[in-house]
Amino acid sequence: MKRNPLAILALALCSLMPANAAENTVKYTDATRLTIVNKARPDGPDLQRIDVARYPDLTPIVARYYRQPTGLAIVFRTDSRNLYARWTTTGQTPKVNSPLVSQRGLDLYIRQNGEWVYAGSGNPKIRGSEHEAPLVEHMDGTMHECLLYLPLFDEISRLEIGVDENARLEAAPNPFRHKVVVIGSSITHGTAASRPGMAYPARLNRTLGFEFPNLGASGQCKLDAFYAHIAAETEADAFLFDVFSNPSAQQIEERLEPFVERIRQAHPDTPLIFLQTEVRESGNFDLEKRAYEEAKRQAAAERLERLMKKDKHIHFIDPGMPLGNDHEATVDGVHPTDLGFDRMLNEIQPKIARILKKYGIQ
């Protein structure tokens with residue numbers, strides 16, 4: 001009898017397959033059925049930071065940014081040995097000063113001995129809007145608590161978490177016990193962070209154990225009235241502000257007091273923590289930029305000193321973004337890299353924690 005060589009090859013390959021190959025079939029679950037954390041307000045689409053329709057005075061670019069899931073994370077438990085994701089973004093034009101994985105990728109952490117430990121990244125496709133990638137593989141099969149950060153700079157319309165066919169996947173309780181809402185510039189938004197979980201609000205989220213909803217808006221946070229409106233309507237234990245990076249000195253002088261007054265109408269005693277903006281490397285030799293930035297920092301310090309004399313619940317951390325003295329901590333003279341965020345947090349995180357502790361936020 002004549003044998004088919006292709007059939008023989010197929011049989012040989014089958015004999016080499018592991019006995020548990022069937023267990024590697026992936027089953028997917030809609031991530032919105034799990035627990036979403038770091039969301040400033042409970043209303044609006046699940047995978048967007050706020051409901052932009054609620055705030056018609058937002059500029060078009062801020063509305064676009066706030067439709068992005070920056071800072072949002074999915075919390076779940078699973079005993080799967082392998083974790084996968086597939087997700088859909090809008091394919092927005094990539095930023096030149098940010099890695100693609102931070103802009104439209106995913107970032108997974110797993111709780112180990114009480115700490116959130118990096119476990120893997122969901123790497124997006126370079127082109128297109130449909131993505132599918134492993135997050136972590138070959139784990140031990142015990143139950144793990146997972147924290148998955150969403151993209152920083154692209155909208156996401158669909159996200160599914162994949163586990164082994166016979167594994168369990170379930171929503172986990174929110175592990176974070178307080179909410180500190182962060183409003184700020186591209187530095188808050190996470191420009192130049194290597195992956196979504198490395199933006200400084202996400203790092204504060206993991207290390208302090210509080211929710212830190214990220215309302216950063218790259219290049220757009222100029223003490224506009226709509227930011228104060230959003231803060232006034234948002235329930236939070238405290239607010240953290242990076243609002244001196246984008247406006248001019250004149251805008252700070254004109255807008256800061258009305259900005260605070262609007263928030264105080266809704267939150268009379270809530271701690272408001274302001275970060276002084278960084279000393280930009282872009283002014284090392286450009287004297288015009290240096291003078292512009294020095295004027296901003298001076299205006300911020302003078303105006304806040306006046307406000308703090310009247311309001312004991314306003315706090316100012318200065319320097320608020322210390323990046324060291326070796327000129328190695330930014331990607332472009334402005335935006336901190338992971339090294340820059342590390343230096344920044346080493347200085348300001350203990351100060352933030354001390355302020356919050358005064359209000360029982362610990």
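The model is predicted, so local features need pLDDT of at least 70 and side-chain atom pairs count only at pLDDT 80 or more, while totals for chains, interfaces and linings use all residues. Residues are numbered from 1 along each chain as its sequence is written, and side-chain values use heavy atoms, with hydrogens and water left out.

Let's start with L148, which sits in strand β8, residues 144–149 (strands are DSSP runs of E with at least two residues, helices runs of H or I with at least four, numbered from the N terminus). L148 counts as buried because its relative accessible area is 0%, buried being under 20% with a 1.4 Å probe and protein chains only. Beyond four places in sequence, its contacts (heavy atoms within 4.5 Å) are L72, A73, I74, F76, L106, D107, L108, L135 and I161. I110 is 38 residues from L148 in sequence, yet their C-alpha atoms are 8.7 Å apart.

Now hop over to E211, in the loop between α5 (200–208) and β12 (214–216). E211 is buried too, at a relative accessible area of 10%. Setting aside residues up to four places away, E211 touches V37, N38, K39, N174, F176, H178, K179, V180 and N205. One of these, V180, is 31 residues away along the chain, with 6.1 Å between the C-alpha atoms.

E254 lies in helix α7.

Notes:
Buried < 20%, exposed > 50% of the residue type's maximum accessible area, 1.4 Å probe, protein only.
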